[in-house]
Amino acid sequence: MKNNHLNMNFFLKQKNLLWVIALLLIANVATFIGVVIAYTDKESSPEKDRNLFFKKLELTESQKKVFIARKALFRSINEPLYDRYDSIMIRLQHQVSITPTDTAIIRKYTDSLGLLNAQIRRNWISYSIEVRRCLSKEQQLRYDKLTLEHLKCKIGK
């Protein structure tokens, strides 16, 4: 019982209580700063990702321009395909919600999705072949390695 009395007296002393509060505040602020730093370090943007990719490939300025131009062309070609893909997915989901389900329409939509996906993948391969042409052999090896790492990460999602 005497021990509990001593512990209570420790916190009743104003000086000790202020030190405990100060330590808790410091720990709280340190935790907050740690969270902010951890969050901002993991934040990425397409431009940061692209610059890091360019740096890893050790691209020249003219190679960077080729990559940027080819990527813009790739996106302009694929954007309508992505839009159609999304539109078909919405119609497909609508069909799934209808009772009775029309399997012929569902098959038609899923076949269309497969064709769109195949076209998007063919476009990606064409893009990849084109940008590899402007790279040295060493850069091509790095490009292949980085692309495979990226694809493996996406597959694991």
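This note sets out points on helix packing and salt bridges in a predicted model.

1. Packing of H4 and H5. Helix H4 covers residues 61–97, and helix H5 covers residues 103–133. The two helices pack with their axes 10 Å apart, at an angle of about 170°. Angles over 145 degrees count as roughly antiparallel, and H4 and H5 are therefore roughly antiparallel to each other.

2. Composition of that contact. Sorted by class, the contact of H4 with H5 has 19 nonpolar residues, together with 7 polar and 5 charged ones.

3. Salt bridges in the model. The count comes to 4 salt bridges, under the rule that a side-chain nitrogen of Lys or Arg lies within 4 Å of a carboxyl oxygen of Asp or Glu. The points below take up pairs including Glu58 with Arg142, Glu61 with Lys64 and Asp144 with Arg132.

4. Glu58 and Arg142. The side chains of these residues meet in a salt bridge, with an N to O distance of 3.7 Å. Glu58 is in the loop between helix H3 (46–57) and H4, whereas Arg142 belongs to helix H6 (residues 137–155), so the pair ties together parts that are 84 residues apart in sequence. How accessible are the two partners, Glu58 and Arg142? Glu58 counts as exposed because its relative accessibility is 55%, and exposed begins over 50%. Arg142, with a relative accessible area of 27%, is partly exposed.

5. Glu61 and Lys64. A salt bridge joins the side chains of Glu61 and Lys64, at 3.2 Å from N to O. Both residues lie in helix H4, where they are 3 residues apart, about one turn of the helix. Glu61 has a relative accessibility of 54% and so counts as exposed. Lys64 is partly exposed, its relative accessible area being 24%.

6. Asp144 and Arg132. Which helices does this salt bridge link? Asp144 forms a salt bridge with Arg132, and their closest N and O atoms are 2.8 Å apart. Asp144 lies in helix H6 and Arg132 in helix H5, so the pair ties together parts that are 12 residues apart in sequence. Asp144 counts as partly exposed at 27% relative accessibility, and Arg132 counts as partly exposed at 24%.

7. Points to locate in the structure. A reader may begin with H4 and H5, which are roughly antiparallel. Helix H6 can then be located through Arg142, which pairs with Glu58, and through Asp144, which pairs with Arg132 of helix H5.

Key: Residues are numbered from 1 along each chain as its sequence is written. This is a predicted model: local features need pLDDT of at least 70, side-chain atom pairs count only at pLDDT 80 or more; totals for chains, interfaces and linings use all residues. Side-chain values use heavy atoms; hydrogens and water are left out. Axes are lines fitted to C-alpha atoms, for helices over the stretch in contact, and angles run from 0 to 180 degrees between N-to-C directions. Helices (H or I, at least four residues) and strands (E, at least two) are DSSP runs, numbered from the N terminus. Angles under 35 degrees count as roughly parallel, over 145 as roughly antiparallel, 65 to 115 as roughly perpendicular and the rest as oblique. Ala, Val, Leu, Ile, Met, Phe, Trp, Tyr, Cys and Pro count as nonpolar, Asp, Glu, Lys and Arg as charged, and the others, Gly among them, as polar. Buried means under 20% relative accessible area, exposed over 50%, partly exposed in between (1.4 Å probe, protein chains only).
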